[in-house]
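Subject: Handover of a structure

Dear colleague,

Please find the structure below, passed on to you for your own study. My notes on what was found in it follow.

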There are 2 protein chains.
Amino acid sequence: MITVQQAEQIILENAADYGAEIVLFDEALGRVLAENIKTDRDLPAFNRVTMDGIAINFKAVEQGINMFTIKATQAAGDIPTDIEGIDECIEIMTGAALPDLVDTVIRYEDVEIKDGKATLLTSEIKKGQNQHLKGADKKQGEIILTPGQLITPAVISLVASVGETELRVKRIPRVVILSSGDELVEVGATPSAYQIRRSNSYMLQAILAQQGLKALVKHIPDEPEIIKQQLGLCLQNFDVILLSGGISMGKFDYIPQALKELQVAQLFHKVQQRPGKPFWFGKHSNGVVVFAFPGNPIASFMCTQRYFIPWLNASLGLSPKKTMYAVLADDFSFQPQLEYYLQVKLHFNEQGQLLAAPVEGNGSGDFANLADTDAFMELPLEKSEFKKGEVYPIWLFNQL
Amino acid sequence: MITVQQAEQIILENAADYGAEIVLFDEALGRVLAENIKTDRDLPAFNRVTMDGIAINFKAVEQGINMFTIKATQAAGDIPTDIEGIDECIEIMTGAALPDLVDTVIRYEDVEIKDGKATLLTSEIKKGQNQHLKGADKKQGEIILTPGQLITPAVISLVASVGETELRVKRIPRVVILSSGDELVEVGATPSAYQIRRSNSYMLQAILAQQGLKALVKHIPDEPEIIKQQLGLCLQNFDVILLSGGISMGKFDYIPQALKELQVAQLFHKVQQRPGKPFWFGKHSNGVVVFAFPGNPIASFMCTQRYFIPWLNASLGLSPKKTMYAVLADDFSFQPQLEYYLQVKLHFNEQGQLLAAPVEGNGSGDFANLADTDAFMELPLEKSEFKKGEVYPIWLFNQL
């Protein structure tokens, strides 16, 4: 049985590049950029006024002039009109381009305007104030974004500002989520006393949706021939197969056999962890990867967060996420030689520390708690006693 | 001029309830529940086997029996078949319902099966092991989710497990994002030397999209009559108007006047903060609220995160977010008597502390940095010197 770290390494070695595609910039939120983005002009493109008021030449202040004839009024977007003498000023608005012969902006609050004249009410004036200089942020042709950049709202603003209406982004792998097991009935059905509803697949689908990935959900019955045929079709039509259930040692778990017959090579089976010990991972020679998670909902959930999302991010060319750490807020003990994923609820204290309070659960299937928790705390297999105040990595699954 | 805390209070007092609607459970991710969800059965609904293996009556172990005749094989979803004597066992699979006369499951790894008999290979057997007891998680009719619950993947799993195919969720307010200013051209257009592209509205739209809110983006020219007419239409067709720009003291900022003529009452104008000092907030007698943000992109961005999202969450009935804190990683000084929103990049240290490194920006419009930062650190207006190691609240805008 391999360790969590070995499993992670094998999975990340099997990250793949699924190519790129073009999307509209305002539909690109959450995607990953696959090209360089350059400025088409300086940013700002001109000396940009940052306060409404009047624009003067600072020499006038040095010469003691404090009343100015208003030569023109200039709004943002107007062609600049210049002064002809230093006793003139331009009434000017935020966002306007500063005309050449003026260099200093005095805000309305510090000016009295009457009969076409503006009188200064302050002597605290700095040369060049209240403007954002041409090229201060970026120069024309400068690369401002590079491949692997996650497209956030700020990135959308940046690409819009340089006129990029279409973006080349990484293609998202096609994923199918397969459940199996005759004990599972549809969500809308009434299960008999010995059956349960198919809830796992929809949970996995929602986790993937949070990553911007639309996965197809399918159910296959416990019939060896149908399993093999369905898996075979999925191997042709998807990049990734996520299986939930059907991989333990049970007599009716036909999936490992079907995968073998379909030439999906097993890269590992079983990981030293709880939940999720029976996790199986493999790859077909055509490149399709198969994550076969245990049917226990907590195990499926944990494995998706701990293994699938890092694999997806690596495949999209995102940098690995920085490890998050939290402080265990209560003693906890766990004896088996397994890495334990403890469900925790998080909060910040006023020392800027993230505290993780364990939420007692039943490891083998109580997913009611999941709705109340924020993260898994990763407790190393070498230890069995975990003390309040100790710090361990966490895997966040709800937004803080 | 009011403080940030006063502005926040006024805004939250104007949160409103926009009603509820029905959505399919697997399209409800990110929505807010508007009903109680109860279990339709015990959870688990039966004594559920958690390991593949054999099921026996523990009395047999007490009596020293260690070989059992396999009476039947039972998969998950099968009707239970019971034993007739305590020297019999049922070969049983994960997820199956334990028959009445057996009470203990021994996993395959600890059993040898040959010629229809199962022999125990271990003496470490606990009565009742390897099952998840009926009702251990929840009892039938128990409320498992209440109104105000954010619908996460775990919640989708829960509602699916109790057969709720349709969910009553809070209706999301209808939002229009209006930009104004003749200096702004379309993203696809080539601006003249004095113009810039409309990037702000798309940024705001993307922030709202992250909250599951699809907002309409519109631009209105600097024409008093058109502004008034367009604002009037928006007051009839939306619940919220977000304005970006057009609210400062400029001669061409017709919006405050138009809002006044349209009977939108000003609830405040100007907040002691940077960026975002000119922020204007008002409400029409018909209930429509108007957030008028300054045109500076950083200010629009900050105000949306700091004011609009908490307003939205309150309107949807979500509990207020817990305050996040981080440790300032470098000295920083800011003199004006304004609450300062410092752009920071975050990382966790191995003590479980969140460290915030200031990213030097140009307060008045350099949004190129925003793509590289994770949060605003809220530095109180009473202070001007902020020392490395001090802890302040943060407003996270990128996922950790």
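I begin with a helix of chain B. Helix α7(B), residues 297-315, lies across the strands β13, β17 and β21 (289-293) of chain B, and its direction is at about 160 degrees to that of β21(B). Please keep in mind throughout that this is a predicted model.

The strands just named belong to a sheet in chain B. This open sheet has six strands, in the order β16-β13-β17-β21-β20-β18, and their pairing is mixed. At its edges are β16 (216-220) and β18 (264-269) of chain B, each of which pairs on one side only. From one strand to the next, the twist averages 20 degrees.

Strand β13(B), residues 175-180, runs parallel to β16(B), and five bridges join the two. In one of these pairings, B:Val176 has B:Leu216 of β16(B) as its bridge partner.

The other subject is the interface between the two chains. How many residues of chain B are in contact with chain A? There are 99, and they meet 99 residues of chain A. The size of an interface is often given as the accessible area lost when the parts come together. Here the area buried between chain B and chain A is about 7,800 Å², and carbon and sulfur atoms give 62% of this area. B:Pro153, B:Tyr194 and B:Phe348 supply 8% of the area that chain B buries against chain A, more than any other three residues.

Four salt bridges are counted between chain B and chain A. B:Glu109 forms a salt bridge with A:Lys270, where the closest N and O atoms are 3.5 Å apart.

Which elements of chain B each supply at least two residues of the side that touches chain A? They are α3 (153-161), β15 (196-197), α4 (200-210), β22 (324-328) and β24 (339-348) of chain B. Helix α3(B) gives the most to that side, with eight residues. By class, the side of chain B that touches chain A has 44 nonpolar, 30 polar and 25 charged residues.

Yours sincerely,
A colleague

Methods
Residues are numbered from 1 along each chain as its sequence is written. Chains are lettered from A and ligands numbered from 1 in the order in which they are written. This is a predicted model: local features need pLDDT of at least 70, side-chain atom pairs count only at pLDDT 80 or more; totals for chains, interfaces and linings use all residues. Side-chain values use heavy atoms; hydrogens and water are left out. Two strands pair if DSSP finds at least two bridges between them. Helices (H or I, at least four residues) and strands (E, at least two) are DSSP runs, numbered from the N terminus. Axes are lines fitted to C-alpha atoms, for helices over the stretch in contact, and angles run from 0 to 180 degrees between N-to-C directions. Contact means heavy atoms within 4.5 Å. Buried area is the accessible area (1.4 Å probe) that two parts lose on being put together, summed over both. A salt bridge is a side-chain nitrogen of Lys or Arg within 4 Å of a carboxyl oxygen of Asp or Glu. Ala, Val, Leu, Ile, Met, Phe, Trp, Tyr, Cys and Pro count as nonpolar, Asp, Glu, Lys and Arg as charged, and the others, Gly among them, as polar.
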